[in-house]
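Welcome! Please take a moment with the sequence and the 3D view below, and then read on for a short tour.

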Amino acid sequence: MKHRTLLHTFILLITIIATSSCRTQQSASHIDYRALVRAADKLGFDIEEHDDHALMLESASWIGTPYQYGGNTRHGVDCSGLTCAIYQNVYRLRLPRRSIDQHNYSLCTPVSGHLRQGDLLFFSSQNSNGRCAHVGIYLKNNSFIHASSTRGVVVDNLTGRYWQKHLIGAKRRP
């Protein structure tokens, strides 16, 4: 575990140094590298200089939160409560509370094509007849965060067979 954290730290520092040669020293001094390394370890992938650091840090802080239907705190949260909290804390955008209402939310625009960090992902379930029943947030590299009813808040991969079968769309914040 310690070697993995050191490796994440080394990769993050090299990436930032290599990509920020034209940036001022002041902007690099505001990055909390240790927090990003801890977040990367929790999320299961490297966080790079160009990534949405606020989204990654906030998402990592929710990992392991237990599932609670109707919940919206770190003591227990459901899928739409999680997306509401992350969007409010990162983007200062208040989403509707239910996943179906988030899916129909007119301020967010449908995504056709390449997903971006922070896009809302909408899924049907086996019993929803193709209607929206679940929501998550795209992070990067086909990974997304969501509140699983059996595992709590986790990061999963969109290439999984279940997620591919049930993905019904994505929306982007204004």
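## Cysteines

Cys108 counts as buried, at 3% relative accessibility, where buried means under 20% relative accessible area, exposed over 50% and partly exposed in between, using a 1.4 Å probe and protein chains only. Cys79 is buried as well, with a relative accessible area of 9%.

How many disulfides does the structure hold? It holds zero, a disulfide being a pair of cysteine sulfur atoms within 2.5 Å. For Cys79, the closest cysteine sulfur belongs to Cys132 and lies 7.5 Å away, so the two are too far apart for a bond.

## About the model

This is a predicted model, in which local features need pLDDT of at least 70 and side-chain atom pairs count only at pLDDT 80 or more, while totals for chains, interfaces and linings use all residues. Residues are numbered from 1 along each chain as its sequence is written, and side-chain values use heavy atoms, with hydrogens and water left out.

## The chain as a whole

The chain has seven helices and eight strands. These are DSSP runs numbered from the N terminus, with helices being H or I of at least four residues and strands being E of at least two. Of the 174 residues in the chain, 47% are buried.

Contact here means heavy atoms within 4.5 Å. Among contacts between residues at least 6 apart in sequence, 51% join residues at least 24 apart.

Helix α4 (residues 53–62) packs against helix α5 (residues 79–91) at an angle of about 140°, and their axes are 10 Å apart. That angle makes α4 oblique to α5. Axes are lines fitted to C-alpha atoms, for helices over the stretch in contact, and angles run from 0 to 180 degrees between N-to-C directions. Angles under 35 degrees count as roughly parallel, over 145 as roughly antiparallel, 65 to 115 as roughly perpendicular and the rest as oblique.

Which residues make the contact? From α4 come Ala54, Leu55, Glu58, Ser59 and Trp62, and from α5 come Leu82, Ala85, Ile86, Asn89, Val90 and Tyr91.

Thr73 is found in strand β1 (residues 72–73). Is Thr73 buried or partly exposed? Thr73 is partly exposed, because its relative accessible area is 36%.

Leaving aside neighbours within four places in sequence, Thr73 is in contact with Trp62 and Thr65. Thr73 and Trp62 are eleven residues apart in sequence, and their C-alpha atoms are 9.2 Å apart in space.
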